[in-house]
Amino acid sequence: MILSSRALEIQASPIRKLMPYAIQAKKNGIKVYHLNIGQPDIETPQVMLDVYHKFNEKVLSYGPSQGLDEYRQGLVHYYSKHNIAINEDEVIVTTAGSEAIVFALSVVCNEGDEVIVPEPFYTNYNGFATMASIKLKPLTTYAETGFALPDSAKIEALITPLTKAILICNPGNPTGTVYTETEIMRIAQIAKEHNLFVISDEVYREFVYDGMKHFSIMHVPDFADHAILVDSVSKRYSACGARIGCIVSKNKELMVAVLKFAQARLCPPTVDQLAANACVYLEDSYIEGIMQEYKKRRDFVFEELQQIPGCICVKPQGAFYIIAKLPIKDAEDFIIWLLKDYNVSNETVMAAPAEGFYATPGLGRNELRIAYILNEEDLKKAMHIFKTGLIEYLRTND
Ligand SMILES: Cc1ncc(COP(=O)(O)O)c(C=O)c1O
């Protein structure tokens with residue numbers, strides 16, 4: 001039997017593909033600190049958990065394809081707190097951010113169309129692009145220059161008649177880059193001039209450090225037809241298992257099309273929307289506390305990496321990831337080695353090889369992504385293992 005070219009092409013997630021090594025290590029009695037995946041250890045808000053505990057309907061029924069009215073109203077309130085004025089018709093609830101991105105790509109692109117995306121980028125964009133049969137055109141950014149967006153001429157050079165959109169992630173996974181208002185306005189200007197959509201993945205909106213202010217694609221004036229916001233509760237409320245996200249746009253025609261996609265998959269999870277809705281009304285202090293916690297972790301991991309001779313990394317301004325370029329040839333080999341051959345008192349650490357966060361072949365091979373999602377104590381142990389492991393790996397392998 002022959003499978004589709006999509007089935008043959010789709011990338012195995014670099015975040016998860018080394019899991020068999022971690023599973024084997026655990027079978028061998030080794031504790032693994034997971035810095036490879038953006039699964040925060042922060043507790044999910046009690047108001048959210050309470051909704052699950054109190055749910056006592058007799059039938060778990062379908063909900064509306066666009067999401068429950070109650071939750072869409074909640075989202076209108078949530079966005080108004082972020083100076084994003086929308087009405088209920090301008091938001092459709094999705095099965096997490098992942099589905100929102102697939103919907104966005106599917107409604108703006110035909111098969112074979114192109115989407116420009118700054119790389120390194122959230123690796124699953126590769127998988128989503130394969131699902132939608134489109135091509136990602138990478139716009140390479142570099143650790144050495146803080147993953148800053150290249151000048152407009154470089155961006156425009158990537159535009160072809162097949163280009164339909166620019167996909168940005170702000171704050172960025174895996175770079176931690178937060179685009180300034182000027183940069184977002186620059187992207188919007190290019191999009192307007194070339195009649196492109198801008199799909200803005202803002203799932204880390206709240207996690208912005210050092211006094212920076214998040215500037216959303218929805219804040220761009222006179223850009224209603226071009227702007228598509230994709231979002232998720234996964235990281236915001238440490239609720240990755242809820243599988244609730246949304247797509248927001250003021251482009252009416254686009255939202256009509258998104259609704260048809262939404263109808264085809266019937267509806268997003270129902271109880272989880274009620275749970276997410278409870279979070280909409282959380283005090284601002286909830287997010288403030290979490291942000292401070294991540295900031296502490298960021299500072300710690302950054303300082304630890306700074307101590308490694310030859311390591312190049314930029315202090316992330318947002319999200320909870322850091323990309324580190326290491327003085328090694330192959331980060332994947334190093335991570336496998338950590339899982340198979342190295343431990344400190346029966347404990348080891350796992351990161352994500354960064355090559356899969358690039359679309360340009362060969363880039364990122366000596367880079368890895370660390371998600372600083374563990375508590376201080378575990379993070380200290382994990383970074384100690386990481387640093388001593390690197391010294392040992394360089395001595396014996398590279
Ligand atoms: C940048 C970015 N976008 C989207 C997602 C998808 O998240 P979810 O499908 O859990 O909403 C993730 C998950 O890690 C992410 O990092």
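Start at I328. With 20 C-beta neighbours inside 10 Å, I328 counts as buried. The cut-offs are these: a residue is buried if 20 or more other C-beta atoms lie within 10 Å of its own, exposed if 12 or fewer, and partly exposed in between, with C-beta atoms placed from the backbone. I328 sits in the loop between β9 and α12 (331–341). I287 is 41 residues away from I328 along the chain, and their C-alpha atoms are 37 Å apart.

Two notes before moving on. Numbering runs from 1 along each chain, following the sequence as written. The model is predicted: local features need pLDDT of at least 70, side-chain atom pairs count only at pLDDT 80 or more, and totals for chains, interfaces and linings use all residues. Helices (H or I, at least four residues) and strands (E, at least two) are DSSP runs, numbered from the N terminus.

**The two domains**

Colour 5–43 + 285–396 as domain 1 and 46–280 as domain 2. These bounds come from an automatic or database domain assignment. Taken over C-alpha atoms, the centres of the two domains lie 25 Å apart.

Next, show the boundary. Here 38 residues of domain 1 are in contact with 35 residues of domain 2. Contact means that the C-beta atoms of two residues, placed from the backbone, lie within 7 Å. On the domain 1 side that touches domain 2, α1 (5–9), α11 (284–306) and β9 each supply at least two residues. The largest share of that side, five residues, comes from α11. By residue class, the side of domain 1 that touches domain 2 divides into 22 nonpolar, nine polar and seven charged. In this count Ala, Val, Leu, Ile, Met, Phe, Trp, Tyr, Cys and Pro are nonpolar, Asp, Glu, Lys and Arg are charged, and the others, Gly among them, are polar.

**The three-stranded sheet**

Select β9, β12 and β11. They form an open sheet of three strands in the order β9-β12-β11, with antiparallel pairing. β9 (321–325) and β11 (352–353) stand at the edges, each with a single partner strand, so one side of each has no neighbour in the sheet. Two strands pair if DSSP finds at least two bridges between them.

Zoom in on β9 and β12 (residues 367–371). Five bridges join these antiparallel strands. Pick A324: its bridge partner in β12 is L368.

**Helix α4**

Move to residues 69–81. This is α4, with 13 residues, and it reaches 19 Å from first C-alpha to last, close to the 18 Å expected at 1.5 Å a residue. The expected span is 1.5 Å times one less than the number of residues.

Which residues of α4 are buried? Show Y71, R72, G74, L75, Y78 and Y79. Seen down the axis of α4, these buried residues fall within an arc of 155 degrees, so they line one face of the helix. The arc is that of the directions from the helix axis to the C-beta atoms. The buried residues of α4 pack against β2 (91–94), β8 (245–248) and α10 (270–280).

**Backbone exceptions**

Most residues other than glycine have a negative phi, and most peptide bonds are trans. The next stops depart from this pattern.

Step past α4 to N83. N83 is not a glycine, yet its phi is positive, about 60 degrees. N83 lies in the loop between α4 and β2. N83 is exposed, with 11 other C-beta atoms within 10 Å.

Jump to S345, in the loop between α12 and β10 (347–350). S345 also has a positive phi, about 50 degrees, although it is not a glycine. S345 counts as exposed, with 8 other C-beta atoms within 10 Å.

Now find the loop between β5 (163–169) and α8 (181–193), which holds P171. A cis peptide bond joins N170 and P171, with omega about -5 degrees. P174 is also in the loop between β5 and α8. The peptide bond from N173 to P174 is cis, with omega near 15 degrees.

**Last stop: V256**

Select V256, in helix α9 (residues 252–264). Is V256 buried or exposed? V256 is exposed, with 11 other C-beta atoms within 10 Å. V256 and E90 are 166 residues apart in sequence, and 9.9 Å apart in space from C-alpha to C-alpha.
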